[in-house]
Amino acid sequence: MKVKKQKRHRRAVRFYTACFGFREPFKILCDGTFVHHLLTNGITPADTALANILGASVKIFITRCVVAELKRLGSSYSDSHDVARNLITARCDHEKQKSAVACITEVIGENNPEHFFVATQDAELRNKFHQIPGVPAIYALRNALFLERPSTFQQEFVKAAEERRSHLGDLEYKILKKKRVSTDEARDSFDANEIKILETQDLKSYCKRKGTVTKDGIKFKRNKAKGPNPLSCKKKKIQGNADAASRKESGVDDNTRSRSRKRKRSRKSKSTTEPIV
């Protein structure tokens, strides 16, 4: 059951991030009922509990009107009032203090520009936000937190927005129409040029048949294929002839080479050959 709940929460968070531009850290706007429920059921620290269901870091906000309403509720809500004072204050710009429901409704507006997750235990307020696109609602049940699924109105709003994006607007239609007119004109001029070219080609062929030549422009002479390179066809020299030629150039004969290679023998002296008496 816990795994299914996590998957459902991830799917809902992915829907709001992809379709309405929610980004981390997620901003959560609380009312007094939600803060009081967290304290009475021991769901603390609240930021870690909310981060677990959303899968990302969070920042918890509250308005001055909600804090003032908790203060008016008396001593039974004194702890909730003290905790609410330490939360980040969201700007509401009310000169006269309003009820929590009216204040949060005005902060959210028609399209939730600040991308708030609304955390409340008021079921009527959550149902009201189901009719506003891009307002995810969080509520608590005993000691567990839940993120509501996107309502059918929000899903249909996203589908309609995608269809609107796929169709052309008035400005885009006008630009496309102008481009079509310009391309048609260019195509007509191109067809006229093609007709002129064909006429000139027919005239040239007629003149060739009659024997008359029209000089339209400079004719370049084509390079004819020449014979092979004579250096590449040169016969290879034999190795023996090359050696002989090199010897002749150096001026050394075979006789001189054989003489220079004769071995010199060393003759022994007579004293060494005589026997010792």
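Contact here means heavy atoms within 4.5 Å. The model shown is predicted.

**Figure 1. Helix H4 and what covers it.**
Helix H4 spans residues 64–72. Its buried residues are Cys-65, Val-66, Val-67, Ala-68 and Leu-70. Two strands are among the elements that cover these residues: S1 (26–30) and S2 (58–62). The cover also includes helices H2 (32–40), H5 (78–85) and H6 (100–108). Just after H4 comes Gly-74, with a positive phi of about 105°.

**Figure 2. The whole chain, for orientation.**
Twelve helices and six strands make up the secondary structure of the protein. The protein has 277 residues, and 27% of them are buried. Among contacts with a separation of 6 or more, 65% join residues 24 or more positions apart.

**Figure 3. The six-stranded sheet.**
The sheet is open, and its strands follow the order S3-S2-S1-S4-S5-S6. Pairing within the sheet is mixed. Strand S3 (88–89) and strand S6 are the edge strands. Each of these two pairs on one side only. Strand S1, listed above as cover for helix H4, stands between S2 and S4 in the sheet order.

**Figure 4**
Strand S5 covers residues 137–141, and strand S6 covers residues 144–147. The two run antiparallel and are joined by four bridges. Ile-138 stands opposite Leu-147 of S6. Leu-141 has Ala-144 of S6 as its bridge partner. Two residues separate the strands of this hairpin. In the turn, Arg-142 has a positive phi of about 60°.

Glu-148 lies in the loop that runs from S6 to helix H8 (152–166). Is Glu-148 buried or exposed? Its relative accessible area is 16%. The cut-off for a buried residue is under 20%, so Glu-148 counts as buried. The Glu-148 side chain makes a polar contact with the side chain of Arg-126, at 2.9 Å. A polar contact at 2.6 Å joins the side chains of Glu-148 and His-130. Leaving out residues up to four places away in sequence, Glu-148 touches Ala-12, Arg-126, His-130, Ala-137 and Tyr-139.

**Figure 4. Tyr-16 and Phe-20, a ring pair in helix H1.**
The structure holds nine aromatic pairs. In one of them, the ring centres of Tyr-16 and Phe-20 are 6.1 Å apart and the planes meet at 35°, so the pair is tilted. Both residues belong to helix H1 (residues 2–20). They are four residues apart, about one turn of the helix. Tyr-16 is buried, at 1% relative accessible area. Phe-20 is also buried, at 16%.

**Figure 5. Lysines over rings.**
The charged end of Lys-5 sits over the ring of Phe-146, with 4.8 Å to the ring centre. Lys-27 lies over the face of Phe-116. Here the distance to the ring centre is 5.3 Å.

Definitions and conventions: Residues numbered from 1 in each chain as written. Predicted model: local features only at pLDDT ≥ 70, side-chain atom pairs only at ≥ 80, totals over all residues. Heavy atoms only, no water. Buried < 20%, exposed > 50% of the residue type's maximum accessible area, 1.4 Å probe, protein only. Pairing = 2+ DSSP bridges. Phe/Tyr/Trp six-rings, centres within 6.5 Å; stacked < 30°, edge-to-face > 60°. Lys NZ or Arg CZ within 6 Å of the ring centre and 35° of its normal. Polar contact = N/O pair within 3.5 Å; in protein donor to acceptor, adjacent residues only side chain to side chain.
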